[in-house]
Amino acid sequence: MSQASRAFQETHSGPSLRSVSKVISNTDTSPYASAHPGEMPPMMFQLRLSDGRWMSYSYSDVREIECRDAGQIKLVVFAASQILITIEGRNLRELATLFGMASVRWLQEADPRSVRRPETESDITRIVIETSKTE
């Protein structure tokens, strides 16, 4: 019995919640965060709206990703109802690619009262969430 408990202790280094504080941290000025290379892809992505609300959606519910130029991404999500998430901004091609690889952890809508990001960087100016009942 002692060998089994020792094997268990050797394979588990402790709680894995220590790394969560890095994910939730919003000290980075980037409008989104993705999984790091070699990490497991996240099961959900989080929308952080400028009014303070946070909403999370499962990647398994995402049915369609549409990117029009580099300024708009549309996600169709099927859950209890059909949800259309429209992400507007600039330089969003990399974000659309990350959604296709299911590796976006969170994205942040810019606060209209804050200083604008430089034109050469990605920026999310608006996130619109529309819901309709599925039949």
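This is a predicted model: local features need pLDDT of at least 70, side-chain atom pairs count only at pLDDT 80 or more; totals for chains, interfaces and linings use all residues.
**View 1. Strands β5 and β6 form a hairpin.** Strand β5 covers residues 72-78, and strand β6 covers residues 81-90. There are 2 residues between the two strands. The pairing of β5 with β6 is antiparallel and runs over 7 bridges. Within this pairing, Glu-88 of β6 has Gln-72 opposite it.

**View 2. Leu-84 in strand β6.** The relative accessible area of Leu-84 is 24%, and the residue therefore counts as partly exposed, the range for that class lying between 20% and 50%. Apart from neighbours within four places in sequence, the contacts of Leu-84 are Lys-74, Leu-75, Val-76, Val-128, Ile-129 and Glu-130.

**View 3. Leu-84 and Glu-64.** These two residues are 20 residues apart along the chain. Their C-alpha atoms are separated by 9.5 Å.

**View 4. Thr-86 in strand β6.** Thr-86 has a relative accessible area of 6%. Thr-86 is buried because this value falls under 20%. With residues up to four places away in sequence not counted, Thr-86 touches Gln-72, Ile-73 and Lys-74, and also Arg-126, Ile-127, Val-128 and Glu-130.

View 5. Leu-84 is partly exposed, whereas Thr-86 is buried. Lys-74, Val-128 and Glu-130 are among the contacts of Leu-84, and Lys-74, Val-128 and Glu-130 are also among the residues that Thr-86 touches.

Terms used
Residues are numbered from 1 along each chain as its sequence is written. Side-chain values use heavy atoms; hydrogens and water are left out. Helices (H or I, at least four residues) and strands (E, at least two) are DSSP runs, numbered from the N terminus. Buried means under 20% relative accessible area, exposed over 50%, partly exposed in between (1.4 Å probe, protein chains only). Contact means heavy atoms within 4.5 Å. Two strands pair if DSSP finds at least two bridges between them.
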